[in-house]
Amino acid sequence: MLCPECKTEAVIMESSYEVSGDASPDTKTRLFAVLKFHCRNPKCPRYGKEIGEERSEVRVKEAE
């Protein structure tokens, strides 16, 4: 991901997981990896600030 202001490649500063659909047995449980990107250019006004987030679904093999 590029910083929208200075176009420098961002760095991942935070990561976490989110789960959805596990409140009911009728819905499929889904797991997502969440990555938060920050600008790493010290000359940019957005330096050290979050510039974006990416969520990717993690495929989980169902129990047999």
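Visitor: Which residues does Glu53 touch, not counting residues up to four places away in sequence?
Guide: This is a predicted model. In it, Glu53 touches Met1, Val34, Leu35 and Lys36. A contact means heavy atoms within 4.5 Å.

Visitor: Where is Glu53 found, and how far is Glu53 from Leu35, C-alpha to C-alpha?
Guide: Glu53 is part of strand S3. Along the sequence, Glu53 and Leu35 are 18 residues apart. In space, their C-alpha atoms are 5.6 Å apart.

Visitor: What makes Glu53 count as partly exposed?
Guide: Its relative accessibility is 40%. Buried means under 20%, and exposed means over 50%. The value for Glu53 falls in between, so Glu53 is called partly exposed.

Visitor: Gly52 also lies in strand S3. Is Gly52 buried or exposed, and how do you know?
Guide: Gly52 has a relative accessible area of 15%. The cut-off for buried is under 20%. So Gly52 is buried.

Visitor: What does Gly52 touch, not counting residues up to four places away in sequence?
Guide: Gly52 touches Met1, Leu35, Lys36 and Phe37. Met13 is 39 residues from Gly52 in sequence. The C-alpha atoms of Gly52 and Met13 are 11 Å apart.

Visitor: Let's turn to Phe37. Where is Phe37, and is Phe37 buried or exposed?
Guide: Phe37 sits in strand S2. Its relative accessibility is 8%. That is under 20%, so Phe37 counts as buried.

Visitor: What touches Phe37, not counting residues up to four places away in sequence?
Guide: Met1, Ala10, Val11, Ile12, Lys49, Glu50, Ile51, Gly52 and Glu54 do. The C-alpha atoms of Phe37 and Glu9 are separated by 9.4 Å. Those two residues are 28 apart along the chain.

Visitor: How do you know that S2 and S3 pair?
Guide: Pairing needs at least two bridges between two strands. S2, residues 30–38, and S3 share eight bridges, in the antiparallel sense. So S2 and S3 count as paired. Val34 stands opposite Arg55 in S3. Phe32 stands opposite Glu57 in S3.

Visitor: How many bridges join S1 to S2, and what is the bridge partner of Glu14 in S2?
Guide: Nine bridges join S1 to S2. At least two are needed, so S1 and S2 also count as paired. They run antiparallel. The bridge partner of Glu14 in S2 is Lys36.

Visitor: In what order do the strands form the open sheet?
Guide: The order is S1-S2-S3, with antiparallel pairing.

Visitor: Why do strand S1 and strand S3 stand at the edges?
Guide: Strand S1 (11–20) and strand S3 (50–58) each have a single partner strand, so one side of each has no neighbour in the sheet. Neighbouring strands are turned by 20° against each other on average, direction ignored.

Visitor: What sets Lys7 apart in its phi?
Guide: Most residues other than glycine have a negative phi. Lys7 is not a glycine, but its phi is positive, about 65°. Lys7 lies in the segment before S1.

Visitor: Why is Lys7 called exposed?
Guide: Its relative accessible area is 55%. Exposed means over 50%, so Lys7 qualifies.

Visitor: Where is Asn41, and what does Asn41 touch beyond residues up to four places away in sequence?
Guide: Asn41 is in the loop between S2 and S3. Asn41 touches Cys6, Thr8 and Tyr47. Arg59 is 18 residues from Asn41 in sequence. Their C-alpha atoms are 34 Å apart.

Visitor: What is the volume of the largest pocket, and which residues line the pocket?
Guide: The volume is about 250 Å³. The lining includes Val19, Lys28, Thr29, Leu31, Glu57 and Val60. S2 and S3 each supply at least two lining residues.

Visitor: How do the residues of the lining divide into nonpolar, polar and charged?
Guide: Four are nonpolar, one is polar and six are charged. Val counts as nonpolar and Lys as charged, so Val19 and Lys28 fall into those two groups.

Technical notes
Residues are numbered from 1 along each chain as its sequence is written. This is a predicted model: local features need pLDDT of at least 70, side-chain atom pairs count only at pLDDT 80 or more; totals for chains, interfaces and linings use all residues. Side-chain values use heavy atoms; hydrogens and water are left out. Axes are lines fitted to C-alpha atoms, for helices over the stretch in contact, and angles run from 0 to 180 degrees between N-to-C directions. Buried means under 20% relative accessible area, exposed over 50%, partly exposed in between (1.4 Å probe, protein chains only). On a 1 Å grid over the protein atoms alone, a cavity is a set of points where a 1.4 Å probe fits but cannot get out, and a pocket is an open set with protein on both sides within 12 Å along at least five of seven lines; lining residues have an atom within 4 Å of a point. Grid points are joined across faces, edges and corners, and a volume is the space filled by probe spheres set on the points.
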